[in-house]
Amino acid sequence: MQALQRVRLSLAAVIVTMLLAACSGASNRALRDFQLQTPRPFGYVIGDTIRHRILIETRSGMELERSSLPTQGRLNRWLQLNQINVTEQDNGGGKQYQIDLLYQEFYAPLEVKELSIPAFTLRFQQHGQALEQPVAAWRFTVAPLREVVVRQDQHGEYIRPDQAPSLLDDAAIVQRLFVALAMALGIALRLAWHYGYLPGLAKRSVFKRAQRKLQNLGLQQLPQALAAIHLAFNGLHGKPVFLHKLAEFYQSHPEYRSIADELAWFFDYSNRYFFGDASTMPQENDLQKIKTLCLHCREIERGSR
């Protein structure tokens, strides 16, 4: 009986031990996942920022103690924690944490040197029990910004020349500039031709000269006014223009058909004035009609009518 009792006690002890081990294992595996994501550990200079990200996935009932996170601000004489962000999401009874840390280092080394971001410990609570998860220190190297030993030339000075900047390809810009200049010159020539300012194109300004002559003429100078208009038409057509040859004039200059009635009146009036009844007295309105005709011819000459 005593042997059987000892066997029973031994079995009970084994079962209790297994249960305690299972509970202890469950406690140690309260974190489903833990990751520390870091950038490259080299190539940093003074003032650079370094981003760390911690990803944690816990089991049901496990909560992160926010007080265990590092404090934002200056950590030591050359390292500062500028920003810390924590996001939390529910995940199948447990939780997912994402902790983003933004460090900035201000170490000015004289040579390439290895530094270390300090380690810290995260604490979690589960039904009154505490669990700690260490975050290991992270080592990286920093380099100086300038030469430690200043070299000198034969005059005792040393200034490293600036690197010559690369030249921009300005071929397209120059091409567009020449195109713009050619267009501007073409517009200027067109306007000069349009307004009769080119000396080699006198036909473009025949009525302009006639209009100038008519400005200071009164009714007493009616013969000079008629002669100025005839001279303009003859210069435009290249030969004398008469009433019975207006059809030929229109074939060479069809743009003047728009004032055919005024031209017919003018040439008929001129014939009657110079070769008709001398008793016909000119009226002030006749001179105004001649000036109006000259104005219309000038507009056609300029292309504005």
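Me: Buried means under 20% relative accessible area, exposed over 50%, and partly exposed in between (1.4 Å probe, protein chains only). Which residues of helix α3 are buried?

Reply: This is a predicted model, in which local features need pLDDT of at least 70, side-chain atom pairs count only at pLDDT 80 or more, and totals for chains, interfaces and linings use all residues. Residues are numbered from 1 along each chain as its sequence is written, and side-chain values use heavy atoms, without hydrogens or water. Helices (H or I, at least four residues) and strands (E, at least two) are DSSP runs numbered from the N terminus. Helix α3 spans residues 206-215, and its buried residues are Val206, Phe207, Lys208, Ala210 and Leu214.

Me: Which elements are included in what covers the buried residues of α3?

Reply: Cover here rests on contact, that is, heavy atoms within 4.5 Å. By that test the cover includes two helices, residues 222-237 and 284-302, namely α4 and α7.

Me: Is Ser270 buried or exposed?

Reply: Ser270 sits in helix α6, residues 260-275. Beyond its neighbours within four places in sequence, Ser270 touches His230 and Phe275. Its relative accessible area is 2%, so Ser270 is buried.

Me: Now for the surface: is Phe178 buried or exposed?

Reply: Phe178 belongs to helix α2, residues 171-194. Together with Val174, Leu177 and Leu181, Phe178 forms a nonpolar patch of about 390 Å² accessible area (Shrake-Rupley, 1.4 Å probe; nonpolar side chains joined within 5 Å, each residue over 30% relative accessible area and without a salt bridge). Because its relative accessibility is 55%, Phe178 counts as exposed.

Me: What volume does the largest cavity have?

Reply: A cavity is a set of points on a 1 Å grid where a 1.4 Å probe fits but cannot get out, and its lining residues have an atom within 4 Å of a point. One cavity of 30 Å³ or more is counted. Its lining includes Leu36, His52, Ile54, Leu101, Tyr103 and Trp138, with β2 (49-58) and β6 (94-105) each giving at least two residues. The volume of the largest cavity is about 50 Å³.

Me: How many salt bridges does the structure hold?

Reply: A salt bridge is a side-chain nitrogen of Lys or Arg within 4 Å of a carboxyl oxygen of Asp or Glu. Such bridges in the structure number 10.

Me: How far apart are the N and O atoms in the salt bridge of Lys95 and Glu88?

Reply: Lys95 is buried because its relative accessible area is 15%, whereas Glu88 at 34% is partly exposed. Their side chains meet with an N to O distance of 2.6 Å.

Me: How many residues apart are Glu114 and Arg139?

Reply: Glu114 and Arg139 form a salt bridge, with their closest N and O atoms 3.7 Å apart. This pair links distant parts of the chain, Glu114 in strand β7 (113-117) and Arg139 in strand β10 (138-142), at a separation in residues of 25.

Note on methods. Patch = residues over 30% accessible without salt bridge, like charges linked within 9 Å, V, L, I, M, F, W, Y side chains within 5 Å. 1 Å grid on protein atoms, 1.4 Å probe; cavity = no way out; pocket = protein on both sides within 12 Å on 5 of 7 lines; lining within 4 Å. Points joined across faces, edges and corners; volume = space filled by probe spheres on them.
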